Amino acid sequence: MSADTAVTSTTTAGTVTPTHCPYCALQCGMGLRRNGTGLDVVPRESFDVNRGALCGKGQNAPAVLAAGARLTEPLVRDTPGGALRPASWPEALDRVAAGLAGVRDRHGPDAVGVFGGGGLTNEKAYALGKFARVVLGTSQIDYNGRFCMSSAAAAGNRAFGLDRGLPFPLADIPRTGCVVLVGSNPAETMPPALRYLTELRANGGTLIVVDPRRTRTAEQADLHLAPRPGTDLALALGLLHLVVAEGRVDEGYVRERTTGWPEARAAAMAHWPELVERVTGVPVPRLREAVRMFCEPEAAMVLTARGPEQQSKGTDTVGAWINLCLATGRAGRPYSGYGCLTGQGNGQGGREHGQKADQLPGYRSLADPAARAHVAGVWGVDPASLPGPGRSAYELLDALGRDTPDGVRALLLMGSNPVVSAPRAAHIEERMRSLDFLAVCDVVLSESARLADVVLPVTQWAEETGTLTNLEGRVLLRRKAVDAPPGCRSDLDVLNGLAARLGHATGFPVVAEEVFAELRRASAGGVADYAGISYDRIAAEDGVFWPCPEPGHPGTPRLFLDRFATPDGRARFAPVSHRPSAEEPCAEYPLLLTTGRVLAQYQSGAQTRRVAELNAAAPGPFVQVHPRLAERLGAVDGEPLAVVSRRGRAVAPARISADIRPDTVFMPFHWPGEGRANTVTNPALDPTSRMPEFKVCAVRVERVAAKPAADRAVPGEAVPAGRV
């Protein structure tokens with residue numbers, strides 16, 4: 001099939017196509033049935049992850065397929081600052097190829113960047129990484145998944161020698177004795193998963209939730225710990241101190257299955273309970289109760305999400321929670337372990353097959369000569385031709401448009417919206433505007449796409465077939481149910497067309513199953529080995545857990561039961577100590593901001609904000625403040641408040657609630673404009689994972705008035721009627 005030919009199918013009206021939701025990492029099963037004008041979502045109760053249950057986003061997912069909500073033809077910009085106009089596909093692809101090649105020829109291959117997304121299928125993520133390194137020859141590729149799970153991934157690799165979100169199926173959760181849920185709110189971010197916690201408690205298990213807010217999930221907990229944002233590391237170390245002091249260490253397990261315990265133990269013992277109470281605000285009796293609840297049952301789990309991970313010390317923070325599991329023998333045993341609740345739809349698979357700055361397919365290291373040789377052999381290129389590791393996501397975005405020898409002057413953006421989702425977002429928007437050339441592949445005209453020189457309209461989840469890997473490490477098949485509008489093409493088709501125009505007529509198939517066959521070969525022998533997985537097998541088994549190195553292998557639902565994936569088979573303790581956040585409160589910025597999601601919106605909101613039913617439930621941003629803070633400000637519910645940091649200012653209505661700490665304010669990050677929470681957030685990076693510190697920064701909060709800015713105000717800021 002040529003790169004300039006649209007993919008079509010003949011799905012029969014009334015037939016139900018079994019597939020998966022386009023949103024979070026649960027990848028809930030659903031059925032799609034053609035009606036007279038579009039698709040109906042029908043329950044798919046046979047898929048065990050969600051047993052037919054869907055949140056509002058999944059139920060309304062077909063709304064974004066409608067012509068009025070999405071792009072249906074390429075758009076190009078003839079002059080800088082001019083309007084985007086419709087164009088043919090050949091013209092649009094010619095412009096993208098010329099724009100990328102022109103910058104590469106003038107400034108070198110690393111002047112061209114590629115930025116991917118955690119929602120891309122495994123096939124797209126694989127092809128995008130190959131395109132960047134083989135066709136463009138650039139090292140400058142990363143993706144928005146760096147903003148989601150990278151700290152947990154780094155900590156898991158350090159401790160276990162392998163990163164997979166959950167080392168066990170979700171079905172194991174109700175069978176454990178205690179779950180410690182750290183910085184996660186599945187009641188709003190992945191509602192069908194909440195039943196696992198409900199079943200846990202019905203079976204006699206207990207739930208501990210660690211969150212500075214009393215969320216809908218925290219309301220279900222047997223114990224809620226509400227630490228000050230940025231102190232999760234101190235909290236985990238304090239709990240480990242108590243485990244040691246109370247004689248709850250599993251000495252036999254530590255001796256037989258781990259290394260590094262003396263150093264980790266010494267670090268934990270420097271965090272005595274009273275000190276931890278002063279740092280975190282969690283009372284000592286609640287610390288002791290948490291240790292009792294975690295240690296008394298035979299099995300227990302710690303599950304983290306973005307709360308502890310999106311910090312400038314996120315890797316060490318997750319490492320401290322892993323230490324708690326290792327010291328008590330709760331890893332690599334049935335119904336026990338540490339897991340990360342991966343966020344994006346293909347957040348797991350997206351970080352395994354080559355769109356990360358330092359990675360090759362199969363979760364191989366780009367710096368490993370053997371890995372380079374293997375993948376280069378599959379690609380038919382000289383290993384020496386593959387570029388080395390490049391910048392991480394924020395560092396790549398920060399380098400855009402720089403008039404320096406190492407600046408990135410052109411960008412291909414696929415499946416991401418950094419104008420809304422990146423930290424210090426106003427600065428990133430400015431960098432994107434300064435590019436010599438920007439091309440965006442997306443299903444909607446996102447805030448980032450509006451800045452592009454060329455916008456390519458691509459097919460969506462229900463209009464194409466491909467695989468994704470959910471948070472359990474289960475490789476799933478998303479099936480095509482309906483034809484895309486004639487003006488849309490798949491991302492694979494786009495890469496095929498660009499590669500051909502840039503001198504690579506072969507090597508970039510447009511059929512997803514062909515790409516997956518090559519991915520299997522490239523991943524063979526790697527940590528994330530897909531060699532034994534095929535489309536037919538996924539369909540027959542409703543998903544296959546990696547690693548699966550050969551067709552006869554059963555897959556690996558549960559990792560580490562016999563040994564860890566380290567050279568000696570032992571898990572490694574991390575000798576970590578608490579340290580402050582990159583930005584602590586001061587007289588000018590006395591409060592802490594934390595950010596997150598709400599039930600009816602998703603990520604940057606580029607798609608969900610186009611669905612009327614979801615907008616009715618969550619029409620815009622807000623600032624959650626404690627009643628005591630509201631009283632000091634003189635604020636009332638619904639009144640606009642400004643949240644001001646060293647980077648900028650966001651304005652949204654007040655939502656006064658006792659469900660948040662008095663020293664903390666919360667904003668959801670789904671909206672652009674003056675309510676854009678990421679205008680305010682801090683891009684300080686974790687030294688290992690390069691994760692920005694989305695979850696904590698110093699701010700002040702002001703009532704909004706209409707007078708000129710005061711002397712200490714951020715440019716464009718109104719004089720406060722009340723300031724804290």
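Ala 234, Leu 235, Gly 238, His 241 and Leu 242 of helix 7 meet Pro 273, Val 276, Val 279 and Thr 280 of helix 10. Contact here means heavy atoms within 4.5 Å. By class, this contact has 6 nonpolar, 3 polar and no charged residues. Ala, Val, Leu, Ile, Met, Phe, Trp, Tyr, Cys and Pro count as nonpolar, Asp, Glu, Lys and Arg as charged, and the others, Gly among them, as polar.

This is a predicted model: local features need pLDDT of at least 70, side-chain atom pairs count only at pLDDT 80 or more, and totals for chains, interfaces and linings use all residues. Residues are numbered from 1 along each chain as its sequence is written, and side-chain values use heavy atoms, leaving out hydrogens and water.

The axes of helix 7 (residues 232–245) and helix 10 (residues 273–280) come within 9 Å and cross at roughly 160°. Axes are lines fitted to C-alpha atoms, for helices over the stretch in contact, with angles from 0 to 180 degrees between N-to-C directions. Helices (H or I, at least four residues) and strands (E, at least two) are DSSP runs, numbered from the N terminus.

Strand 20 (residues 474–478) has 5 of its 5 residues buried, so it is largely enclosed by the rest of the structure. Buried means under 20% relative accessible area, exposed over 50%, partly exposed in between (1.4 Å probe, protein chains only). Two strands pair if DSSP finds at least two bridges between them.

| Partner of strand 20 | Sense | Bridges |
|---|---|---|
| Strand 19 (residues 466–469) | antiparallel | 4 bridges |
| Strand 21 (residues 544–545) | antiparallel | 2 bridges |

Leu 468 has Leu 476 as its bridge partner.
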